[in-house]
Amino acid sequence: FSVFEATEGYFALCQTSAVALPENASQCMETMSSWRELLCRAPPLPPDCAGHVLCHNELGSTNFLVRKPRSIKEELQIRFVDFEFAALGDRFFDLANLSRLNGFSDEDDVLLLKMYFGRFEDTHMVRLQLLKAVGDLYEALRIMAMGPAIAEGAYDCARVLGGPGSTAAAAGTALDGERVSGTVENPVEKLAEGSSAASAEDESRAVDPLDSGKNAPEVPGVPRWVEGLPPAVRGRVAECFGRFERKAGSAEYTAYLQQGLSK
């Protein structure tokens, strides 16, 4: 699975299906392609980071089964469900999607990378942030391409919209069949209980200059081009596309990627 190829496919489907697109959609696609070239020209990754691995590709909170500890001898248990989009792919995209769909902050991203790789490296953070941005464009175009199916009830809107703090039947079901009350908690925060917080040095290095710890900026208004979509998804599409658009149009962000991936 390549998020770049998938995004290009959904963009082409939107065009052939006469789906209303933002005026700068083609420009955004060109920017995404240029970012892909940055990844291709970057120095080779070490063996423990390179190559394809089995990825879930949709690790939103509605795809978690959570069982809380019932005694001090037990640990928090998390299982993943719904492997509809699972495939061999880039581990950095799977990690980026986990972060993006659950509203992780920069500090959470630092901790996530440390827990996964056993260390923190600037280039890992830059790759993660780049793929989080591309993931936003991918999600926006995927929902737009699926618009008619969503309107006919053939697509699970709740799963697409699953994000920070969402509650769904799958996410609220414990491993032994009992309900877990409340919303799904941030699994990285729970797994990291008792661990020291990321150092100030790590937190300040290689962070996304446009995020500053905020992964879900408010959408000032729903643009006209989403009016043809089902009302339930208009806000999410505008939010995802707007987030990508903001980064794609920033010279500072491009410089951040170029510098971070050249190391």
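Predicted model: local features only at pLDDT ≥ 70, side-chain atom pairs only at ≥ 80, totals over all residues.

1. Residues are numbered from 1 along each chain as its sequence is written, and side-chain values use heavy atoms, with hydrogens and water left out.

2. Helix H2 spans residues 25-41 and helix H11 residues 251-261 (helices are DSSP runs of H or I with at least four residues, numbered from the N terminus). Their axes, lines fitted to C-alpha atoms over the stretch in contact, come within 9 Å and cross at roughly 15°, on a scale from 0 to 180 degrees between N-to-C directions. H2 and H11 are therefore roughly parallel to each other (angles under 35 degrees).

3. The contact (heavy atoms within 4.5 Å) joins Trp35, Leu38 and Leu39 of H2 to Tyr253, Thr254, Leu257, Gln258 and Leu261 of H11. These residues comprise six nonpolar, two polar and no charged (Ala, Val, Leu, Ile, Met, Phe, Trp, Tyr, Cys and Pro count as nonpolar, Asp, Glu, Lys and Arg as charged, and the others, Gly among them, as polar).

4. Helix H5, residues 122-145, packs with H11 at an angle of about 140°, their axes 9 Å apart.

5. From H5, Thr123, Met125, Val126, Arg127, Gln129, Leu130 and Ala133 meet Tyr253, Tyr256, Leu257, Gly260 and Leu261 of H11. Here the division is eight nonpolar, three polar and one charged.

Note on methods
Helix = DSSP H or I, 4+ residues; strand = E, 2+ residues; numbered from the N terminus. Parallel < 35°, antiparallel > 145°, perpendicular 65-115°, else oblique.
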